[in-house]
Structure formats: C-alpha cells, structure tokens
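Take a walk through this protein with me. We will go from the whole chain down to single side chains.

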Amino acid sequence: MFPPRDKVPPDMQLPDQAPFSLEQRQAIEGAISALSSEQNAWLSGYLAGVGGNAPAQQTAPAPAAAVAAAPSKGIPLTILFGTESGNCEELADRARDMAQTKGFLPTVKDMGSITPEQLAKESNVAVIVSTWGEGEPPDGASTFYKAVMDDSCPRLEKLRFAVLALGDTSYEHFCKIGRDFDQRLEDLGAKRYHSRTDCDVDYEEPYQKWIDGALKALGKVAQPEPARAVVMNGTSSSNGAAAAQTAPTPKPAANGQIYGKKNPFPARLKERILLNGTGSIKETWHLELSLEGSGLSYAPGDALALIPANPADVVDQIMDTCCFDPRERVSGNAGSEVTLREALTRHYDITGLSKNILRKYNDKAASEKITKLLDDNSKEELHNYLWGRQIIDMLEDFPIKGLSGSEFVSILRKMPPRLYSIASSFRAHPDEVHLTIAAVRYEAHGRKRKGIASTFIADDLQAGGTVPVYTHSNKNFRLPADSDTPIIMVGPGTGIAPFRSFIEERAINGDKGANWLFFGDQRYNYDFLYQLEWQDYIKKGVLNRLDVAFSRDQPEKIYVQDRLLENGKELYRWLDEGAHFYVCGDASRMAHDVHNALLKIAQTVGGKSEDQAQEWFEDLRKQKRYQRDVY
C-alpha cells in the first residue's frame with residue numbers, strides 16, 4: 001500500500017523518535033512524498049489550524065521546536081515584503097508556509113515595520129517587493145527603501161539574501177525597486193544565496209520556481225540557530241490595529257469548484273447605471289454583479305479582479321493589418337490550443353505597447369529603426385514613441401512580411417486582470433459586488449483609443465452577460481478594528497468606491513465611529529457620484545461630515561486637497577484624537593497633493609517643524625492610521 005522507505009526522499013522521512021507507529025510513519029511519508037510543494041504548504045497550515053482544536057491527550061505533547069523538525073534543521077528566515085495592492089504580502093505568507101514545511105524558522109515582516117539597523121541583525125532574508133507607478137517603492141515601504149539606499153545605512157556583511165521583484169512590463173521602470181534592493185544589499189556586503197527573479201503581472205509560475213530554488217539554495221549554505229519554540233501558524237505583523245475585517249476563505253461553489261485567481265467565476269451583470277448627468281464630459285458607471293453560487297466573499301477595502309475581452313474592432317484591426325487567418329490554431333491560456341481570433345479576443349493583451357514588447361517584436365523584425373529606439377542612448381526617443389501608441393501602431397510602423405499568428409502571440413503577454421476597488425459591503429449586499437468604473441476614451445496619433453476593460457464594461461457587457469472575476473484581498477486598506485474610531489476618507493472621482501463600502505458596512509453594523517468624507521469631481525450638477533446616498537446617510541447620522549470640491553464650477557479650480565487645508569484645524573483635531581485617514585484615487589497627482597496637505601496642516605495647525613511633520617506622518621503610517629488605495 002505504501003512505498004518502501006528507501007523510495008521516500010530522505011527529506012520526507014520522519015525521525016525514528018516521532019510519536020507514530022511504523023505503519024503510521026509509512027502512511028504519512030508515502031502521502032507527503034506524493035504531494036506538491038503547494039499542497040504540502042496548504043496541509044501544514046491546515047494541521048496547524050486543527051491542532052488547536054484537537055482533543056486533550058493523556059500523554060504530554062512534543063516540544064514546540066520538535067513540531068518543525070525537518071531537513072533544514074531550524075534555519076531562520078525573515079521574509080520581508082513591500083506591497084501596495086497586497087500581492088507581495090500574499091506571496092510572503094505563502095513563502096512562510098512553504099518554508100515551515102521544509103523545517104525553516106520563518107517570520108514575515110512588512111518593510112514598514114523594520115529599520116536597516118534591525119535588518120543588520122538578521123542572518124537570512126527573502127525580499128519580496130513590487131514597483132509602483134513610475135519606478136517608486138510601495139507607499140508602506142518608502143521609508144525603509146530610502147533608509148537602505150542612504151549612505152548612513154549600516155553594513156550587512158552577515159546577511160544572506162534573495163530578491164523576488166514584482167512589476168509590470170508595460171511600465172518603463174519594470175521591477176526597479178526589486179532590482180535596487182538586490183544591488184544595494186550586495187553593495188552593503190550581504191551575500192546573495194539565490195538569484196533575483198523579475199515577475200510581470202502573471203507571476204505565479206516564476207514565483208513558484210523562485211521560492212523552490214531559494215529555499216533549496218538557503219538550506220545548503222545557512223546554519224541553524226539555537227533551538228527555540230516555533231510558532232507554526234505565525235502571521236504577518238502588517239495588519240496592526242487596522243485589521244478589523246478579513247474576507248473569508250472562498251468556499252466551494254454549488255458545483256463543487258473553488259473559484260479564485262486560478263479559476264475565475266463568471267459573474268453575471270445584474271445592473272449598469274450611468275452616474276453622470278446629461279452634460280457631463282465624463283462617463284462613470286455603477287455596476288452590480290452577481291456572485292451567487294460562487295462561494296466568494298470580500299471585506300470593505302478589497303478589490304475585484306475583472307478579466308475583460310478585447311473589442312472586436314481592435315481584434316479586426318490587427319487581423320487586417322497582418323493578414324492573419326483567424327482560424328489558425330495557436331497557444332492560449334494554460335497550454336490550451338485555440339483559434340487565433342479566440343486568442344486575440346480573450347487570452348492576450350493586444351493593445352499595451354512597452355519596451356519589452358518592442359524588443360520581442362524586433363527579434364523577428366530586425367528593424368534598424370527599432371534597434372535605434374531600444375538603444376540606451378535613445379531613452380527620450382523611445383519614451384516619445386511609446387507615449388499614446390498601441391501594438392497596432394507598431395505593426396503598421398514596422399511591418400513584418402509573412403508574420404504568422406503563432407509568431408505574433410509569442411511576443412504578447414497574457415491578458416492581465418484589472419483590479420477595481422469594491423464599492424459595496426458584502427453584508428449589505430449578500431452575493432453581490434458593486435463597482436464604480438470610468439470609461440476611458442481618447443484620441444492619440446490620429447487614432448481613436450479606448451481603455452479595454454472600462455469600455456468592455458460600458459459597451460460590450462450586457463445585462464445577463466458574464467465576466468470572469470475573483471476577489472482580491474487588500475489587508476493594507478481596512479476599517480479600524482475598533483468600530484468607535486472616527487475615520488476621514490478622501491476619494492475624488494472613482495476613488496469614492498471603497499468609501500461607499502466603508503459607509504455601508506458601518507451603517508449595517510451600527511458602528512458608532514464618526515465618518516468624514518471628502519469628495520471631488522468636475523461639476524456639482526453632473527458629477528456628484530452617489531449624491532442621494534450621501535445625503536441620506538447624512539440625514540441618518542451615519543455620515544457626520546461631507547466636504548466637496550467641484551473643480552469646474554468656478555473660475556479657480558478647487559480640489560480635495562484645498563478642502564483639507566480649509567478644514568485643517570478640525571482635521572488635525574480628529575487625527576490627534578485617534579482618527580484613521582484614508583485616500584483613494586489617482587496616485588500621480590492627487591495622492592501626492594493630499595500627502596503634502598497633511599504635512600502642511602501638521603506644521604500650520606500642529607506647530608511642527610518640517611522634520612517633525614514628516615515624523616508625525618510616518619507615525620500615522622506605521623500605526624496603520626494612514627492608508628492608501630491608489631492607482
């Protein structure tokens with residue numbers, strides 16, 4: 001029934017002193033040796049979870065340190081993450097679970113909770129960090145990043161490290177922060193035990209390969225630390241006092257499937273409502289999707305990942321330009337084989353033009369013009385070319401005679417999911433999820449363009465139709481654990497979405513904490529999103545204060561940061577008394593301006609110097625009382 005013990009890998013064999021009979025040891029070893037790394041990691045967490053519910057035994061339990069006895073013999077490992085949307089934290093938690101199954105002593109730490117001096121005391125670290133915007137660190141990791149890059153950072157000769165970098169090849173500074181950490185740690189004297197891996201938005205496969213290789217490499221070179229108790233179900237310290245709501249683990253659907261990132265759920269569109277009034281130049285949609293039967297849930301602050309289809313007219317443009325045969329069989333998702341039309345419609349990103357795409361295309365085109373654009377001395381020319389252009393422009397500007405559909409899809413990246421802040425409370429709308437999405441339409445280089453996901457929602461998805469979705473947890477954007485804590489929310493435009501979920505949640509729970517909302521858009525008469533709802537919440541006493549800024553209703557433009565400054569004295573008092581501050585929306589300008597407004601209020605109202613204001617702000621962030629959901 002079970003494989004002979006000499007057929008079970010040594011690192012899967014239980015020690016002879018383990019409290020099992022020979023038959024039990026054979027059964028356990030045989031089962032474990034047949035499992036994948038991911039299955040072993042899941043089983044480890046499961047056993048740790050049910051262990052606390054096991055009935056009391058007459059015999060004394062094994063020492064805690066013995067629980068983790070395994071081939072790596074207690075090698076310590078600190079898994080350090082920096083995240084904006086939560087992906088790196090999720091991967092860090094999974095890395096911890098996998099390390100535990102291999103006998104390491106792992107702990108997970110948020111970059112926002114550690115200093116370079118503390119890092120210098122570590123022996124082994126695995127860094128998992130994303131790059132945000134135009135080559136910037138995640139908000140919570142920015143202080144640590146600056147400190148490590150500073151000349152005053154201590155030497156790290158005793159440290160071993162490996163880096164996993166997350167990024168998006170559609171941006172110029174792909175994985176810059178991960179690369180910066182990788183180089184800087186080496187410059188400070190740390191020793192690399194495994195090479196860096198740079199991941200695009202489809203990171204699952206390279207992540208798995210990296211963590212497998214990193215743990216194997218570290219096990220060969222590192223030394224165990226003195227025996228100590230091990231917390232098998234230890235968790236990240238990043239949630240702090242703000243982790244009031246955690247989205248439940250997806251339950252099996254009615255059909256027995258588990259829906260999630262690897263298996264999106266086909267959510268049915270129940271309703272779509274245009275939120276802007278007649279006369280607005282904006283197009284903002286409220287969507288209500290059904291999750292009934294999915295087993296999916298979410299908490300306020302989470303996002304919904306939506307996988308759109310490319311519009312037929314965009315697919316046709318590419319087909320016609322390259323004279324492709326739509327019936328040609330090509331590779332699709334998960335190793336499938338589909339027609340070229342199906343692949344270009346649902347499997348691949350056929351619009352996003354990046355340096356990486358241009359480089360892959362030039363491997364086939366061998367164009368002198370592209371080669372010149374890709375030269376390191378032509379960064380400005382490359383930037384100017386990529387700005388506002390899409391893949392169809394590249395195909396027209398640098399045609400390849402006889403290019404096959406298979407060759408074309410080989411240069412493309414898989415269709416990336418789009419994350420949208422959820423605009424509803426699951427408790428208020430069971431089995432539904434609401435979104436607030438602005439349709440993107442513009443003209444560039446003589447051609448009309450459109451945002452693929454937003455116009456798929458606006459134009460192509462009809463009532464009763466379905467779209468693949470899954471919920472995405474955002475532990476760094478949570479209501480306070482204490483429901484009596486006041487909150488201040490800043491959400492112009494579609495940034496209002498998560499605050500609708502916050503208010504709905506607080507209303508249905510009967511929370512006593514005061515709520516203050518800052519909202520901004522272009523015009524009061526046309527663009528006051530969810531106006532009647534906010535006014536109703538004010539009447540009911542759920543929304544205590546509402547300050548609005550409509551930029552185009554007067555000669556001088558007024559934005560939410562201006563309203564913050566106007567209310568600086570009261571706002572500072574709220575923060576001084578423990579309020580949490582949230583901001584959602586545009587990262588490039590609005591979030592930066594709100595940040596500066598807070599610093600100015602700390603100086604003008606709080607009487608702080610510039611350095612003291614910055615320190616005050618960092619304290620808010622470390623306490624999880626300042627949180628962002630920006631894009």
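A residue counts as buried when its relative accessible area is under 20%, and as exposed when that area is over 50%. Keep that cut-off in mind. Note too that this is a predicted model.

Start with the whole protein. There are 631 residues, and 49% of them count as buried. The secondary structure comprises 23 helices and 21 strands. Now look at how the chain meets itself. Take the contacts between residues at least 6 apart in sequence: 76% of these join residues at least 24 apart. Next, the surface. The protein exposes about 30,200 Å². Carbon and sulfur atoms supply 50% of that area.

Now turn to the aromatic rings. The structure holds 22 aromatic pairs. One of them joins Phe519 and Phe528, and this pair is stacked. The ring centres are 5.8 Å apart, with 10° between the planes. The angle is under 30 degrees, so the pair counts as stacked. Are these two residues buried or exposed? Phe519 has 0% relative accessibility, so Phe519 counts as buried. Phe528 has a relative accessible area of 8%, so Phe528 is buried too.

Another pair joins Trp534 and Tyr537. Here the centres are 6.3 Å apart and the planes are 40° apart, which makes the pair tilted. Trp534 and Tyr537 are both buried.

Rings can also link up in a group. Phe477, Phe499, Phe502 and Tyr582 form a cluster through ring pairs. A charged side chain can meet a ring as well. Arg272 lies over the face of Trp285, 5.6 Å from the ring centre.

Last, the cysteines. A disulfide is a covalent bond between the sulfur atoms of two cysteines. How many disulfides are there here? The count comes to zero. Look at Cys199, which is in no disulfide. The nearest cysteine sulfur belongs to Cys175 and is 6.6 Å away. A disulfide needs the two sulfur atoms within 2.5 Å. Cys199 has 0% relative accessibility, so Cys199 counts as buried.

Key. Residues are numbered from 1 along each chain as its sequence is written. This is a predicted model: local features need pLDDT of at least 70, side-chain atom pairs count only at pLDDT 80 or more; totals for chains, interfaces and linings use all residues. Side-chain values use heavy atoms; hydrogens and water are left out. Helices (H or I, at least four residues) and strands (E, at least two) are DSSP runs, numbered from the N terminus. Buried means under 20% relative accessible area, exposed over 50%, partly exposed in between (1.4 Å probe, protein chains only). Contact means heavy atoms within 4.5 Å. Accessible areas come from the Shrake-Rupley method with a 1.4 Å probe; for residues, only the protein chains shown count as cover. Rings of Phe, Tyr and Trp (its six-membered ring) pair if their centres lie within 6.5 Å; planes under 30 degrees apart count as stacked, over 60 as edge-to-face and the rest as tilted. A charge sits over a ring if NZ of Lys or CZ of Arg is within 6 Å of the ring centre and within 35 degrees of the ring normal.
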